[in-house]
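Q: Please take a close look at the charged side chains of this protein. Which of them pair up, and where do they sit?

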Amino acid sequence: MSRYRGPRLRVVRRLGDLPGLTRKSARRAYPPGQHGQARKKRSEYAIQLEEKQKLRFNYGVSERQLVRYVKKARRAGGSTGQMLLQLLEMRLDNTIFRLGMAPTIPAARQLVNHGHVTVNGRVVSIASYQCRPGDEVGVRDRDRSRQLVEENMKFPGLANVPSHLDFDKNKLTGKVNSTVEREWVALQINELLVVEYYSRKG
């Protein structure tokens, strides 16, 4: 299953607030579709699937990528759920979004893919690059790159830069001080249900 390119508000109506996917909020509070307003008892599997889909759509990863992250989180030891969130949060596209350089994660991914972003002084165009403590994330030294980021910063996606990042608005550079802490994850998610979903699938 490749990356979703359909209407984003439709996903928000089904799954709830996804700060990384869109800054818009749905006018209707019920899920889309013919039976959106019908009350139905959801199975345990349906609830787990919904939490998994929240991760997929918020961080903009494919099913295959998410399976890879789950396997990597299992190998890392400790809490698999927290490790999974950490891996997704420390992606370069998400780091750009959390620094306020882009209004959404898809917009941040586009900045990275088009070569506007540097890590430790070198252009990195891979959105899934894992940022590490000590990394310096900046904007390429070109007028076009700076203009794009300055324009984006007028409409940041989230109000606060998380505690593991520092951002210098004048130089347009961010510093990764540490790995993200659980309370700074902006997405409302029960990561244990995601781990259970993949455990069930084997």
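A: This is a predicted model, and the protein in it has eight helices and five strands. Read from the N terminus, the elements follow the order α-α-α-α-α-α-β-β-β-α-β-β-α. Of the 202 residues in the protein, 44% are buried. The accessible surface is about 11500 Å², and carbon and sulfur atoms account for 46% of that surface. Among contacts between residues at least 6 apart in sequence, 62% join residues at least 24 apart.

Now to the charges themselves. Side chains of opposite charge can pair when their charged atoms come close. With a salt bridge taken as a side-chain nitrogen of Lys or Arg within 4 Å of a carboxyl oxygen of Asp or Glu, the count comes to seven salt bridges.

One of these pairs lies in helix α2, which covers residues 44-59. There the side chains of Lys54 and Glu51 form a salt bridge, with 3.1 Å from N to O. Lys54 and Glu51 are three residues apart in the helix, so about one helical turn separates them. Lys54 is buried, and Glu51 is buried as well.

A second pair is made by Glu89 and Arg98, whose side chains meet in a salt bridge at 3.0 Å, N to O. Here too both partners, Glu89 and Arg98, are buried.

The pair of Lys154 and Glu151 is a salt bridge at 3.3 Å, N to O. Lys154 has a relative accessible area of 54% and is therefore exposed, because exposed means over 50%. Glu151 has a relative accessibility of 41% and so counts as partly exposed.

Salt bridges can also be joined to one another in this protein: Arg91, Asp93 and Arg109 are linked in a network of them.

Lys71, Lys72, Arg74, Arg75 and Arg132 form a patch of positive charge on the surface. Residues in a patch have over 30% relative accessible area and no salt bridge.

In short, the pairs described here include Lys54 with Glu51, Glu89 with Arg98 and Lys154 with Glu151, while Arg74 belongs to the positive patch on the surface.

Notes: Residues numbered from 1 in each chain as written. Predicted model: local features only at pLDDT ≥ 70, side-chain atom pairs only at ≥ 80, totals over all residues. Heavy atoms only, no water. Helix = DSSP H or I, 4+ residues; strand = E, 2+ residues; numbered from the N terminus. Buried < 20%, exposed > 50% of the residue type's maximum accessible area, 1.4 Å probe, protein only. Patch = residues over 30% accessible without salt bridge, like charges linked within 9 Å, V, L, I, M, F, W, Y side chains within 5 Å. Areas by Shrake-Rupley, 256 points an atom, 1.4 Å probe, with all protein chains shown as cover. Lys, Arg positive; Asp, Glu negative; His and termini not counted. Charge placed at Lys NZ, Arg CZ, Asp CG, Glu CD. Contact = heavy atoms within 4.5 Å.
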